[in-house]
Amino acid sequence: MRSDPIKITAFVFIHKILEFCKMTPDPADWTFEKQKDNPSRLIRIKQLDILINIFLPNINDDLPIKSKIENLIKGEFILTNNIENYKKLFLTMDETIDKSKYSFRKMNDWTLDDLQSNYENLIKFKKLTMNLLEFNDGIMEISYPYLFSVILTENIATKISLKSIDNLLATVIDPQKRTLTKAFLVKNYEYPLEDVYDIDLDNW
């Protein structure tokens with residue numbers, strides 16, 4: 001059974017954002033008021049509000065949570081960050097291009113706009129790929145005649161790796177690569193103590 005991570009990194013943070021967006025596809029519902037009667041989503045949106053303030057302090061804390069989530073998904077926070085934070089990341093991106101099959105010559109230095117565009121595209125790709133990786137997650141029981149398609153799709157899904165994308169996204173969000181414990185967040189930021197997956201089971 002899944003459990004809520006007790007160590008929070010930028011990678012965990014991204015997963016929480018995209019999981020909430022998948023559970024709540026309409027941005028109009030990304031408010032505390034709209035989720036007040038849904039314990040699973042309410043806890044998640046409270047978690048996100050705190051984590052956004054910690055990992056992305058350049059996003060205005062006075063903005064509604066909907067705007068904060070949209071900012072993160074679009075990568076708008078990048079445009080107000082210090083470009084010096086990304087010098088090592090730009091070198092990694094150069095190396096990836098140099099090793100690729102494409103023979104492009106670099107003409108200009110990286111800009112924050114360049115990084116934001118790459119980030120937004122990778123977020124879109126990760127959202128699509130997560131749907132593939134979780135394609136069979138809702139299956140609790142299955143009978144023999146329906147097993148064949150599950151086997152084929154699982155065989156393909158297990159070959160998909162998002163490690164390089166996850167590393168880039170996490171580095172963009174948190175170049176310091178911090179790890180925060182849930183206990184620390186509960187004590188210092190009023191982070192929800194509940195395990196979201198336990199709540200999911202209770203509200204199935």
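Start with the largest nonpolar core, which has 46 residues; Phe13, Ile17, Ile69 and Ile173 touch the most other members. By nonpolar core I mean a set of buried Ala, Val, Leu, Ile, Met, Phe, Trp, Tyr and Cys residues joined through side-chain atoms within 4.5 Å. Buried is under 20% relative accessible area, exposed is over 50%, and partly exposed is in between (1.4 Å probe, protein chains only).

This is a predicted model: local features need pLDDT of at least 70, side-chain atom pairs count only at pLDDT 80 or more, and totals for chains, interfaces and linings use all residues. Residues are numbered from 1 along each chain as its sequence is written, and side-chain values use heavy atoms, with hydrogens and water left out.

Now helix 7, residues 163–173. Eight of its eleven residues are buried. Among them are Ile165, Asp166 and Ile173. Helices here are DSSP runs (H or I, at least four residues), numbered from the N terminus. The cover over those buried residues includes helix 1 (10–23) and helix 5 (112–133).

Back to Ile17. Beyond neighbours within four places in sequence, Ile17 contacts Leu48, Ile52, Ile69, Leu72 and Ile73. Contact means heavy atoms within 4.5 Å.

Next, charges. The whole structure has 15 salt bridges, each a side-chain nitrogen of Lys or Arg within 4 Å of a carboxyl oxygen of Asp or Glu. One pairs Arg44 with Glu19, at 3.1 Å, N to O. Arg44 is in helix 2 and Glu19 in helix 1, so the pair ties together parts 25 residues apart in sequence. Both Arg44 and Glu19 are buried.

Asp61 bridges to Lys68, also with N and O 3.1 Å apart. Is Lys68 buried or exposed? Lys68 is buried, at 1% relative accessible area. Asp61 is partly exposed, at 49%.

Terms used. Helix = DSSP H or I, 4+ residues; strand = E, 2+ residues; numbered from the N terminus.
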